[in-house]
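Student: I have a model open and would like to learn how to read its side-chain features. Can we go through them one at a time?

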Amino acid sequence: MPDAAGPEGTGPRHAAPEDDGGPAPGAAPARTPSRARHRRRPALSGPPGRGALLAPVLAVLVVGAAFVPRLTGDAGGSTTGPSPAPSSGSTAAAASPAAGATSPADWLAAALPPSTDLAASAGVREELAAEGVPADRLRPAEQGASSGSLLAVVGPAPEGARVVAAFDRPGDGSRMLVVDPAPAEPTAEELDRRRALADALLANPATGEDPAVTAVLRAGDVDARLLSMLAAVAAREGVRIAGFPALPGEEAGDAPARRVLVGAVAGAPVPADAAATAALREWLDAQLPPYRPDDVQVSDAGVLVSFHYVSAPDALVSAAAG
């Protein structure tokens, strides 16, 4: 992994926050309430203090040499130098669990860190085990709060919980919910940082050509780790976001988007431009936690970048930014 620092005396190599062109005009569009949002997140409001908030976040993101000066190679799409090592995740969407989490076991493998378990009653644990969830990732319901586990329930979600995923149960048509029983709420400063990063992204109209992408960014409904990573790429090269696809089992809006489909970088379409695709994957692979993605896939649609669900992504970014 490349070192985060540049040549001696130059400090970290990172995207300059002053590259952004200011907030996107217009008010945030009204949002349709989600079917399962049990705790409404605070709206992004107030002056974002953009320079102070952007600088510490972007300063800790690595920008590899592959991004200097441009991502594009020659007309044939070749790159100079050795090929980058594979990034985390597969080169084909079908080869990774994240491509289609159609069961609780698939979703668990694609969506959660290995350290995050599911707590549930004895009956629900038995059902999850029959669905293929490893027994060592299941805990009694009463241990969930103390262990930091998510909770799997049949029926309504507990008061104040955030629904993270939901699965149809065979037979009676009921649903199994996976909930975060005590989701962390971002601070006012963390919300302001999200707004500043989103505004920096939207300053380039090409970033969110899709109105749905623009709506998600203006609402601030993006995981702070993913948003910081996108802002770093956009500040240096420019990025076109093709969408924020949710995993099967999840509904967009229940939790901040933590998966993005990148359609182009520096004006070069991915994956059609092999040099741009390779450089982007190399750069992503060079990132340090919490900005390093947990899964990167390349398909005909673009480069899909995913982060695991965590309860407090804003806090992770705040700690990394110092």
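Student: Let us begin with one residue. Is Phe167 buried or exposed?

Tutor: This is a predicted model, so read each value as computed from it. Burial is judged by relative accessible area, and under 20% counts as buried. Phe167 has a relative accessible area of 7%, so Phe167 is buried.

Student: How is a pair of aromatic rings described?

Tutor: Two values are used, the distance of the centres and the angle of the planes. The structure holds one aromatic pair. Its partners are Trp107 and Phe167, with centres 6.2 Å apart and planes at 70°. That geometry is edge-to-face.

Student: Which parts of the chain does the pair tie together?

Tutor: Trp107 belongs to helix H2 (residues 104-111) and Phe167 to strand S4 (residues 162-168), so the pair links parts that are 60 residues apart in sequence. Trp107 is buried too, with a relative accessible area of 0%.

Student: What should I look for in a nonpolar core?

Tutor: In soluble globular proteins, nonpolar side chains tend to be buried together. Here the largest nonpolar core has 34 residues, of which Leu217, Met229 and Phe244 touch the most other members. Several elements supply at least two residues each, including helix H5 (188-202), helix H6 (211-219) and strand S7 (259-265). Helix H7 gives the most, with eight residues.

Student: Which residues does Leu217 touch?

Tutor: Leaving out residues up to four places away in sequence, Leu217 touches Ala198, Leu201, Leu202, Thr207, Val222, Leu227, Ile241 and Phe244. Apart from this core lies another, of 22 residues, and Phe167 is among them, as are Leu128, Met176 and Leu247.

Student: How many salt bridges does a search of the whole structure find?

Tutor: The search finds eight. Glu127 and Arg169 meet at 2.9 Å. Glu127 lies in helix H3 (residues 122-130) and Arg169 in the loop between S4 and strand S5 (175-180), so this bridge ties together parts that are 42 residues apart in sequence. Arg169 is partly exposed at 21%.

Student: Where do Asp168 and Asp285 fall on the accessibility scale?

Tutor: Asp168 counts as exposed, at 59% relative accessibility. Asp168 forms a salt bridge with Arg175, with the closest N and O atoms 3.0 Å apart, and Arg175 is partly exposed at 34%. Asp285, at 18%, counts as buried. Asp285 meets Arg292 at 2.7 Å, and Arg292 is partly exposed at 28%.

Student: Which residues are linked in a network of salt bridges?

Tutor: Asp117, Arg137 and Arg139 are linked in that way.

How values were computed. Residues numbered from 1 in each chain as written. Predicted model: local features only at pLDDT ≥ 70, side-chain atom pairs only at ≥ 80, totals over all residues. Heavy atoms only, no water. Phe/Tyr/Trp six-rings, centres within 6.5 Å; stacked < 30°, edge-to-face > 60°. Helix = DSSP H or I, 4+ residues; strand = E, 2+ residues; numbered from the N terminus. Buried < 20%, exposed > 50% of the residue type's maximum accessible area, 1.4 Å probe, protein only. Core = buried A, V, L, I, M, F, W, Y, C linked by side-chain atoms within 4.5 Å. Contact = heavy atoms within 4.5 Å. Salt bridge = Lys/Arg side-chain N within 4 Å of Asp/Glu carboxyl O.
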